[in-house]
Amino acid sequence: MTSPAALRTIAVCNRKGGAGKTTTSVNVAAELAHLGWRVLLLDLDSQGHCAVGLGDKLAPGAATVHGLFTDPEARLIDTVRASAYPNLALAAANQLFEHGSGSRDELRLARALADPALAERFDLVVIDTPPSLDLLLFNALSAAHFVLVPFVPHPLSYEGVRQLMRVLLRIMSKQNPGLKLLGFLPTMATAHIRQHRTVTGDVARQYGAPRVLGAIRTDIKLAESFAAGMPARYYAPGCRGALDYAALALSITQLLGDPRAQAPR
Ligand SMILES: Nc1ncnc2c1ncn2[C@@H]1O[C@H](COP(=O)(O)OP(=O)(O)O)[C@@H](O)[C@H]1O
Ligand SMILES: [Mg+2]
């Protein structure tokens with residue numbers, strides 16, 4: 001049996017909407033799954049966009065991640081849904097969940113993820129988070145081993161990154177000392193726009209150049225593939241967005257180390 005310690009968790013966070021969190025969660029999860037990781041994409045945002053991005057239509061009353069916050073007995077494993085893509089499963093959001101309702105427990109998700117039944121089925125959990133500094137985000141950060149911060153390299157997004165970093169430092173000093181910053185990910189980047197280079201350079205100077213991951217370029221195919229309910233690599237193989245997310249998945253695999261090398265199947 002795989003030891004529970006082998007289950008790694010990456011939270012994809014930025015308190016701004018439109019930063020590319022969901023696009024990154026879906027595509028990075030699909031790319032890591034393609035590399036052979038057994039991935040659970042976990043949607044904490046009640047907009048429910050991860051299910052849309054995988055073309056999964058939930059029946060009314062289906063078990064969701066948000067059920068954890070209304071039922072203390074609920075188990076994450078019971079919310080897991082197979083996807084149409086190899087090695088990739090979804091724990092979907094409840095679109096009717098009202099932010100601010102339910103349990104106030106910041107460690108509810110961390111406890112749910114400690115279930116050995118999950119570590120037997122998955123190597124990696126990718127958590128998509130809501131664009132807010134609320135209890136759901138604290139749950140994600142308290143449960144995660146790593147944080148990935150997508151940001152649009154635009155002057156207005158810099159303040160959002162700084163706010164998130166303050167929250168991260170607080171969580172690292174209290175609830176989750178083991179939490180590590182995986183990196184900042186420029187999204188919707190256009191190399192020839194000076195503003196993009198300036199903002200990415202500011203983030204690199206403030207937090208260290210190695211923390212800035214290879215950018216995801218602007219690619220309409222990413223928006224189209226999302227609307228079609230498919231990760232980009234399956235919708236438009238070889239498109240810029242798919243190539244950039246494939247390269248990101250390789251960097252993440254290197255940064256994480258590969259537990260599958262040691263974990264017996
Ligand atoms: N690299 C990209 N190129 C073009 N469009 C993108 C890219 N990344 C995201 N988008 C589009 O931008 C919008 C916001 O992205 P999304 O991932 O939903 O952000 P968030 O989850 O942070 O709110 C969506 O319409 C998405 O399709
Ligand atoms: Mg989103």
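Predicted model: local features only at pLDDT ≥ 70, side-chain atom pairs only at ≥ 80, totals over all residues.
Residues are numbered from 1 along each chain as its sequence is written, and chains are lettered from A and ligands numbered from 1 in the order in which they are written.

Helices here are DSSP runs of H or I with at least four residues, strands are runs of E with at least two, and both are numbered from the N terminus. Two packed helices are described by the angle between their axes and the distance between the axes. For H1 and H10 (residues 240-256) the angle is about 65 degrees and the axes are 9 Å apart, where axes are lines fitted to C-alpha atoms, for helices over the stretch in contact, and angles run from 0 to 180 degrees between N-to-C directions. H1 passes H10 in a right-handed crossing, that is, with the near helix turned clockwise from the far one by less than a right angle. On the H1 side, Asn27, Val28, Glu31 and Leu32 meet Tyr245, Ala246, Leu248, Ala249 and Ile252 of H10, contact being C-beta atoms, placed from the backbone, within 7 Å. By class, that contact has seven nonpolar, one polar and one charged residues, with Ala, Val, Leu, Ile, Met, Phe, Trp, Tyr, Cys and Pro counted as nonpolar, Asp, Glu, Lys and Arg as charged, and the others, Gly among them, as polar.

How do H6 and H7 compare, and at what angle do their axes cross? The axes of H6 (residues 155-173) and H7 (residues 194-207) come within 9 Å and cross at roughly 20 degrees, which makes H6 roughly parallel to H7. Pro155, Tyr158 and Val161 of H6 make the contact with Gln195, Val199, Asp202 and Val203 of H7.

Turning to the sheet, seven strands form an open sheet with mixed pairing, in the order S3-S4-S2-S5-S1-S6-S7, two strands being paired if DSSP finds at least two bridges between them. S3 (80-82) and S7 (180-186) stand at the edges with a single partner strand each, so one side of each is left without a neighbour in the sheet. H6 lies across S6 (146-151) and S7, running at about 165 degrees to S6.

Finally, the shell around ligand 1 has 18 residues, of which Ala19, Lys21, Thr22, Thr23 and Ala223 come nearest, a residue being near if its C-beta atom, placed from the backbone, lies within 6 Å. H8 gives the most to that shell, with four residues.

Definitions and conventions
Parallel < 35°, antiparallel > 145°, perpendicular 65-115°, else oblique. Contact = placed C-beta atoms within 7 Å.
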